[in-house]
Amino acid sequence: SKRPPIGRPARGFVAMATTTLAAATAGGMLGGRRSAGRTSAAATAAAAVASKHWERPRARPPPAAPTTAALTMATAAAAAGKSVQMGKLPDECWVRIFAHLEACELCASASAVCAGALALASEPRLWVALLHMDFAASLPQRAVLQAWVMLHEQFHPRQLYIYKRQERSVDMDVARRELLQRGEQVREQERRQRRLRILNVVLVRVTHLLLCATLLASFVLLWMKLGETIKCTYYVVLAPLMLFEVFLFASSIVAFAIYFLRGASGWTFYWNRLRGVVRWLILYTSPCEGAVILVSACAVAPLLACTLNGDLPDIMLRNPRFRYLPPFAVAWVAALVFACSVLRRRAFSVSCAGSFALLWAPLVCVSVLLYLKLSVVRDLPFYIVIAPSLGVTSALLLFVSFLVVASFWLGYRGNRDWTEYAIFALLTLLTVLVPLLLLQLACWARLDSRISNNTLFLPLVLWLSGLLICAIGHVLATLCGHGVSPGEHLGRPPWRQQDRDDYFDTELLLPPTAIGGGVV
């Protein structure tokens, strides 16, 4: 039979209810048919007493807890007053009554009724039943418990129950401490993820946003200066770009600090999941070479402003070959260090050769030809200066157009990933390659005096404004996307976001750390 859910009443109430129930049971067992009516009446009285006791807290707040002396007096009085009726009950009846009590009630309340109840509360059958009921929820556990009890049969079952209860208390304390520790680990992981998310947003999205904003501001100021709308120096024109270089330099310091602290506890998590061009530069080169490249690249705008304003030393201003050399020199140093570092650290592959052929070589060739046009070979046509970048952009335009057509065809055949890739390639074609090609053609026409400044700068400003709006949208989408993982795969194409990362969450496999000075 299933044991009813008995709570922990006061000692006086247990004595009174036990006495009444015992009297009712004794009357039914000993009196036979003659005492059946009295047994029902006694049982009804006991039920009324119990219901009255349990319904009383619903009507008004429970009374104050009685003191120890009051409980002792009530127990003694109940035992003295009912000694005659208790003596008439067989021990089997009391054992069956005590079988409905919890272990704490059996030790505290029932044992305090009288000396006989104290002796019956130590009945081995009661404690064996409590052992099986409290510590054996399944058949395998029951078999293990039975074998354990038989192995320790020299001990009283009450002692075995106390040992099991203490063992369970220790296990519960350990489990509770581990739960608190796991909760602390989860909270620490959430804090790390939040910091990493903010860091990646600053290094990727905010960097894109500031780059578009500073380029737009500098070109607008240059347009107004060339149109004589405002009169200012080139320091003012290039001031937005200088502010962006300051921001890039500060973010680079943070990335380099995380790189040098990656061996310490906790910083490996940030370095493995860091995004941005600075981390890419450190991985593809080295920390020293990356620092040289960043410093050289950030020095281009200030030296260009000095050159255009004529603030260079007189020895350089007198010679036209050295007048425009400083900004080109630092740009060439950055390009040369990057090329040597990549060739030294990376294996010569198709991607490496493609990057040099499509990005590094055109930029270096255009800068060299432009320097020769400004200083040495002044009769060099402008179309030769722009020819390398124009040719590479045209080739890329044709190649990406082919990729768009092929990807849409494969997507039409039923592959959704190719459809997403085709949409991404089409957006790149329309927002980057076509405007770049038109911009180079417009610069060529403007340098040959075929178009005016307004014809050149108006489409350029509109294009940069569109890029700025897209960057703002990306930042807002990133900040509002709380469901995205903190690593967020910033800068990755959408069809590669499900790929496995180049790191492993080994931190989650580490054993629990100490909390509060102790180790679990």
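Analyst: What follows looks at helix 10, which spans residues 157–226.

This is a predicted model, in which local features need pLDDT of at least 70 and side-chain atom pairs count only at pLDDT 80 or more, while totals for chains, interfaces and linings use all residues. Residues are numbered from 1 along each chain as its sequence is written, and side-chain values use heavy atoms, with hydrogens and water left out.

The chain as a whole comes first. The protein chain has 23 helices and 0 strands; helices (H or I, at least four residues) and strands (E, at least two) are DSSP runs, numbered from the N terminus. Of the 520 residues in the protein chain, 31% are buried. Here buried means under 20% relative accessible area, exposed over 50%, and partly exposed in between, with a 1.4 Å probe and protein chains only. Among contacts with a separation of 6 or more, 68% are between residues 24 or more positions apart, a contact being heavy atoms within 4.5 Å.

Now the charged side chains. The structure holds 6 salt bridges, each a side-chain nitrogen of Lys or Arg within 4 Å of a carboxyl oxygen of Asp or Glu. One of them joins E184 to R187, with the closest N and O atoms 3.0 Å apart. Both residues lie in helix 10, 3 residues apart, or about one turn of the helix. E184 is partly exposed at 34% relative accessible area, and R187 is partly exposed at 40%.

E188 takes part in a salt bridge with R191, where the closest N and O atoms are 2.6 Å apart. R191 and E188 are again in helix 10, 3 residues apart. R191 has a relative accessibility of 27%, so R191 counts as partly exposed; E188, at 26%, is partly exposed too. E188 also meets the side chain of R192 in a salt bridge, at 3.8 Å from N to O. R192 and E188 are separated by about one helical turn because they are 4 residues apart in helix 10. R192 is buried, with a relative accessible area of 18%. Salt bridges that share partners join E184, R187, E188, R191 and R192 into one network.

Further along, helix 10 packs against helix 12 (residues 239–260), and the two axes come within 8 Å and cross at roughly 165 degrees. Axes are lines fitted to C-alpha atoms, for helices over the stretch in contact, and angles run from 0 to 180 degrees between N-to-C directions. Helix 10 and helix 12 are therefore roughly antiparallel, the term for angles over 145 degrees. Their crossing is left-handed, meaning that the near helix is turned anticlockwise from the far one by less than a right angle.

On the helix 10 side, the residues in this contact include L199, V202, L203, V206 and T207, and on the helix 12 side they include P240, L241, F244 and F247. By class, the contact has 15 nonpolar, 4 polar and no charged residues. Ala, Val, Leu, Ile, Met, Phe, Trp, Tyr, Cys and Pro count as nonpolar, Asp, Glu, Lys and Arg as charged, and the others, Gly among them, as polar.

Helix 22 (residues 416–447) and helix 23 (residues 453–480) pack at about 160 degrees, with axes 10 Å apart. They are roughly antiparallel, and helix 22 passes helix 23 in a left-handed crossing. Their contact has 10 nonpolar, 2 polar and 1 charged residues.

Methods:
Parallel < 35°, antiparallel > 145°, perpendicular 65-115°, else oblique.
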